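Good morning, colleagues. Please bring the model up on the screen, and I shall take you through its sheet and the elements around it.

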Amino acid sequence: MASAKSLDRWKARLLEGGSTALTYALVRAEVSFPAEVAPVRQQGSVAGVRAGVVSLLGCRSSWTAAMELSAEYLREKLQRDLEAEHVEVEDTTLNRCACSFRVLVVSAKFEGKPLLQRHRLVNACLAEELPHIHAFEQKTLTPDQWARERQK
């Protein structure tokens, strides 16, 4: 839970063009300090507008989600950075607001690596995006494992 003093620091940094992570922290603080946050949202700064479209449940409006994250964007990035031969990305959020994703990544880079190292590779690839995702489920397979799974 945020203190009033830290909330003041967040507000000042947001008005100076703070980061998205800072915006989300402010929105989470809105639950505890609604009277303090409302003026920041009404001042019309870019960060204030961004904070205004973030719901208290951590879900962004559809236009914001489309601008920042999409299943297609994540698919392309995973395919490119992990040299994956197959990538599936599903937006599992009920209202498709790009807050929750399920991914399947098939890459030769996973050969000889245990599950934790594979997941770390995926997490490193999406390091900038993961702080903005509420839930992330991943399945990582080698090409041989993928071929065996498709034969089932």
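**The sheet and its surroundings**

Helix α8 (residues 143–151) lies across β1, β2 and β3, and runs at about 95 degrees to β3. Contact here means heavy atoms within 4.5 Å. Helices (H or I, at least four residues) and strands (E, at least two) are DSSP runs, numbered from the N terminus. Axes are lines fitted to C-alpha atoms, for helices over the stretch in contact, with angles from 0 to 180 degrees between N-to-C directions.

A word on provenance: this is a predicted model, in which local features need pLDDT of at least 70 and side-chain atom pairs count only at pLDDT 80 or more, while totals for chains, interfaces and linings use all residues. Residues are numbered from 1 along each chain as its sequence is written, and side-chain values use heavy atoms, with hydrogens and water left out.

Now to the sheet. It is open, with 3 strands in the order β1-β2-β3 and mixed pairing; two strands pair if DSSP finds at least two bridges between them. Because β1 (84–91) and β3 (135–141) each have a single partner strand, they stand at the edges, and one side of each is left without a neighbour in the sheet. From one strand to the next, the twist averages 10 degrees.

How do β1 and β2 pair? Strand β2 (residues 100–107) is antiparallel to β1, over 7 bridges. Glu88 stands opposite Leu104 in β2, and Glu90 stands opposite Arg102. Helix α6 (residues 71–81) packs on the sheet, where it touches β1 and β2, and its direction makes about 160 degrees with that of β1.

Arg102 has Glu137 as its bridge partner in β3. The chain passes from β2 through helix α7 (residues 115–125) to β3, a right-handed β-α-β crossover: with the strands pointing away from the viewer, the path from the first strand over the helix to the second runs clockwise.

Finally, burial. In β2, 7 of its 8 residues are buried, that is, under 20% relative accessible area with a 1.4 Å probe, protein chains only. Leaving aside neighbours within four places in sequence, Val122 is in contact with residues including Leu78, Val105 and Phe136.

Key. Buried means under 20% relative accessible area, exposed over 50%, partly exposed in between (1.4 Å probe, protein chains only).
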